Amino acid sequence: MTEEEYIKEVCTKIKLIRVKKKMTQLELASKIGIEDSSLRRIESGKTNPTLKTIYRIASAFEIEVEEIFSFTIVTQTTDSDQEANKDN
């Protein structure tokens, strides 16, 4: 996973949690002290949120920061990977 892909996953996770918590972008932005346009850029992966912002988001969600960084990384396997695993 590239750096950009990782950031995108974190930003997607923020949006998923917000939707699960039934919060609007405006509500979350207001709670964490940023413009809703800034939150839209974060959720779309167009900007890299600071740790301070991620901390505030986690606090607004009433979750641990670690939960934002917790997601499943799906990797593609190639035929050669599958052949190598057959020997194990």
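This is a predicted model: local features need pLDDT of at least 70, side-chain atom pairs count only at pLDDT 80 or more; totals for chains, interfaces and linings use all residues.
Local features need pLDDT of at least 70, side-chain atom pairs count only at pLDDT 80 or more, and totals for chains, interfaces and linings use all residues.

Let's start with H1 (residues 3-20) and H4 (residues 51-61), whose axes lie 11 Å apart at an angle of about 20 degrees. That makes H1 roughly parallel to H4 (angles under 35 degrees count as such). Helices here are DSSP runs of H or I, at least four residues, numbered from the N terminus. Axes are lines fitted to C-alpha atoms over the stretch in contact, with angles running from 0 to 180 degrees between N-to-C directions.

Who meets whom? From H1 we have Val10, Ile14, Ile17 and Arg18, and from H4 Ile54, Ile57 and Phe61; contact means heavy atoms within 4.5 Å.

Now for H2 (residues 25-32) and H3 (residues 36-43): their axes come within 8 Å and cross at roughly 110 degrees. H2 and H3 are therefore roughly perpendicular to each other, a label covering 65 to 115 degrees.

Finally, the largest nonpolar core has 19 residues, and Val10, Ile14 and Phe61 are among those with the most contacts inside it. Such a core joins buried Ala, Val, Leu, Ile, Met, Phe, Trp, Tyr and Cys residues through side-chain atoms within 4.5 Å, buried being under 20% relative accessible area with a 1.4 Å probe, protein chains only. H1, H2, H3 and H4 each give two or more residues to this core.

How values were computed: Residues are numbered from 1 along each chain as its sequence is written. Side-chain values use heavy atoms; hydrogens and water are left out. Angles under 35 degrees count as roughly parallel, over 145 as roughly antiparallel, 65 to 115 as roughly perpendicular and the rest as oblique. Buried means under 20% relative accessible area, exposed over 50%, partly exposed in between (1.4 Å probe, protein chains only).
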